[in-house]
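I open these entries with charged pairs and then turn to the metal site. I write down only what I looked up.

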Amino acid sequence: MLETICDILVEAYKRNWITSRDGNISIRHHDRDHFYITPSGVRKQTLQPDQFKKILIKPPHSWNETGTGFQADRWGWKELPYSDISSNLKPSGEIPLHFGLQKLMGQHSNEVRVVVHVHPTYCVAAMHAGIDLNTIVDSFPELSRYTKVAPNVPDVPPISQELADACHKNLGLNHETGDIKYDIVGIKGHGVVAIDVSPWRAFEHIERLEHICKIVLASGKH
Ligand SMILES: [Zn+2]
C-alpha cells in the first residue's frame, strides 16, 4: 500500500492538488501498533516506499521500553527504524494531525485507516470565497451520497497542534473510540484532510469534493 500512496501523490501533483513538497499521507493496519507516514521536505511526486517513516503508537500507561515502569498517562509516539534512507528523514510536520486520527481506529478497527492531506485548488478557492464546504452537499446529492463533508476549519497555523485539534474536532473524532463522523474536512486558506480504508478511497472523497467546488465556482452562484 505504500506504493499506492506514492502513486496517489503523483496523481495529486498532476492535478495541482499539491506543489512538489506539499501533502502528507499516513496509513495504519488494524493489527499493527505502528503506522507509516510520509517524510517531511521531500519531493512528493518522486517519493519511494523506503522513504516513509514508521511510527510506534504508545498508549497511555503502557510499559516503557526497559520494562521498568509505565509511560505517562497520555498517548505518545516514537520513530521506529525502517530503512537506511528513511533514517535520515523526519516525519511530516503534520504528524499531530495524523497521530490523533491513527492512535485509535474507531469504525476502521478491522481494516486499514488512511489519512490524506493535500491542497486541492478548487476546494481551497471555494473556502477562500467564503463557502462552507459542509453546506454545498445539500445541492449535490452525488456528493452527499458517498462523502460526508465536515464544517470548515477556520484559519489555523500549518504544522501545529492547533490545526490538528481543530481538524479532529470538526471531523467529529471521538478520542475514546477513534470513531470519525465525517470523511473529509477543509482547512481555510490551506487544504483538506480525507480518511478512508484505502488510499484510493480517501483520494475519491477529495476528487468528488474538488469536482463539486469547481462546478460551484464556475456557476458564479455562491
Ligand atoms: Zn498542508
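I looked up Lys148 and noted that, at 44% relative accessibility, Lys148 counts as partly exposed, where buried means under 20% relative accessible area, exposed over 50% and partly exposed in between, with a 1.4 Å probe and protein chains only. Lys148 forms a salt bridge with Asp183, the closest N and O atoms being 4.0 Å apart, the term standing for a side-chain nitrogen of Lys or Arg within 4 Å of a carboxyl oxygen of Asp or Glu. Asp183 itself is buried, with a relative accessible area of 13%.

I keep in mind that this is a predicted model, in which local features need pLDDT of at least 70, side-chain atom pairs count only at pLDDT 80 or more, and totals for chains, interfaces and linings use all residues. Residues are numbered from 1 along each chain as its sequence is written, and side-chain values use heavy atoms, with hydrogens and water left out.

I next looked up Arg201, which forms a salt bridge with Asp196 at 3.3 Å between the closest N and O atoms. Arg201 is partly exposed at 45% relative accessibility, whereas Asp196 is buried at 7% relative accessible area.

Which residues are the protein donors of the zinc ion? I noted His117, His119 and His190, each through NE2, lying 2.1 Å from the zinc ion; donors are N, O and S atoms within 2.8 Å of the metal (3.2 Å for Na, K and Ca), and water is not among the atoms, so sites may look incomplete. Their spacing in sequence is H-x1-H-x70-H. Both His117 and His190 are buried.
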